[in-house]
Amino acid sequence: MNEKSRRSGLLHAGRPSPTLEDLATAAGVSRSTASRAINGGLKVSPEAQAAVDAAIVALGYTPNRAARSLVTRRTGSIALVIPEPDARVMMDPFFAAVITGVNEALRGTDMQLVLLMSRAGDDSARTMRYLRGGHVDGAIVVSFHEADDWAETLGTTGLPTVFIGRPWATGFGVPYVDLDNFEGGRLAARHVAGTGRTRLGTVAGPADMTAAVDRLEGWMQGIREAGLQPGPVVHGDFTTAGGADAARTLFSEAPELDGVFAASDLMALGVIDTVRGRGHKVPEDVAVVGFDNHSLLAANGLGLTTVTQPMVDMAVTAGQLLIRAIENPEEQLEPVIYPAELVVRGSTAGHSR
């Protein structure tokens with residue numbers, strides 16, 4: 001019997017936990033290479049990293065740092081995973097609300113918050129190695145994209161995880177907190193149509209994010225219920241600059257539009273800037289609705305009609321769910337869906353046409 005087979009036999013005979021040596025042998029690499037691979041992949045070839053990653057999954061390996069941190073195997077930390085560039089995270093009030101809410105949920109506990117953000121050119125593998133490496137007791141994931149596969153990947157690791165927003169894959173037992181985005185889009189459409197506007201378009205969010213897809217579908221449904229024909233759709237990136245770019249495309253395709261729904265408040269500000277740049281007025285010529293209710297004011301103090309997304313409350317709930325998942329790993333947690341609410345302000349005042 002060779003060394004690899006002997007170690008495998010010991011593991012399957014009831015050995016309590018595989019060691020770093022077991023991991024290195026299973027991956028066919030040296031102990032030092034295995035150690036570097038599980039601690040960030042520094043100076044490790046892609047082939048060796050892939051072999052170690054596969055061995056971690058096969059053996060159910062947990063680094064010794066987690067085993068020796070406390071008898072309970074707790075690190076006292078949870079991760080907030082935001083797969084977005086640093087600049088966007090720092091400039092969007094959505095993320096400030098998320099961080100505030102998660103911190104509030106941890107108040108009164110000994111847990112610390114670790115913030116994990118993507119950088120330009122990163123993929124999810126580096127973050128996954130960190131999460132799988134025993135550094136945290138659980139994770140909250142927000143603002144994810146379809147290609148990330150976070151629900152599938154984290155759902156099979158055993159790490160307690162909660163999503164803010166409905167994940168693309170819901171069959172892996174990962175609980176989530178969300179807003180009824182479909183109903184929010186529907187409310188926006190019915191409201192704008194109710195002000196007498198009939199030529200309506202939308203600046204939708206990224207097509208690879210579930211919130212954006214649901215808001216767009218709700219908007220289209222509300223337009224149909226109002227007896228109108230759906231107008232043009234241009235996708236933005238949830239930023240003000242992206243909203244302005246999308247609005248310029250929207251009005252170049254349909255200059256006659258008299259109502260626009262933007263899938264975020266920041267994009268709505270970009271839409272308003274574009275409307276005014278074309279020599280038109282909001283709301284006299286074009287009504288604009290946003291989404292989030294960040295209480296943002298456009299130039300000249302114009303109040304923005306918007307759909308409320310109570311992000312602080314949603315993040316608090318996500319943090320509370322994660323604590324429950326950590327304390328009671330066998331508990332089956334159900335999704336929490338907040339109802340949508342439209343807040344009417346000056347950007348959609350009625351007109352006489």
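Of the 353 residues of the protein, 50% count as buried, where buried denotes under 20% relative accessible area, exposed over 50%, and partly exposed the range in between (1.4 Å probe, protein chains only). The structure is a predicted model, in which local features require pLDDT of at least 70 and side-chain atom pairs count only at pLDDT 80 or more, whereas totals for chains, interfaces and linings use all residues. Residues are numbered from 1 along each chain as its sequence is written, and side-chain values use heavy atoms, with hydrogens and water left out.

The protein has 14 helices and 12 strands, assigned as DSSP runs (H or I, at least four residues, for helices; E, at least two, for strands) and numbered from the N terminus. Among contacts (heavy atoms within 4.5 Å) between residues at least 6 apart in sequence, 69% join residues at least 24 apart.

An open sheet of mixed pairing is formed by 6 strands in the order E7-E6-E8-E9-E10-E12, two strands being paired if DSSP finds at least two bridges between them. Strands E7 (233-235) and E12 (341-343) lie at the edges, each pairing on one side only. Neighbouring strands of this sheet are turned by 20° against each other on average, direction ignored; axes are lines fitted to C-alpha atoms, for helices over the stretch in contact, and angles run from 0 to 180 degrees between N-to-C directions. Strands E6 (residues 200-204) and E8 (residues 259-262) pair in the parallel sense over 4 bridges, with Gly259 in E8 as the bridge partner of Leu200. Helix H13 (residues 265-277) packs on the sheet, touching E6, E8, E9 and E10, and its direction makes about 160° with that of E9.

Helix H4 (residues 46-59) has 14 residues and reaches 20 Å from its first C-alpha to its last, close to the 20 Å expected at 1.5 Å a residue, that is, 1.5 Å times one less than the number of residues. Within H4, Ala48, Gln49, Val52, Asp53, Ala55 and Ile56 are buried. These residues lie on the same side of H4 because they cover an arc of only 165° around the axis, taken from the directions from the helix axis to the C-beta atoms. On the other side of H4, Pro46, Glu47, Val57 and Ala58 are exposed. The cover over the buried residues of H4 includes helices H2 (20-27), H3 (31-38) and H8 (124-132). Asp53 counts as buried because its relative accessibility is 19%; Asp53 touches Arg129 and Arg132, residues up to four places away in sequence not being counted.
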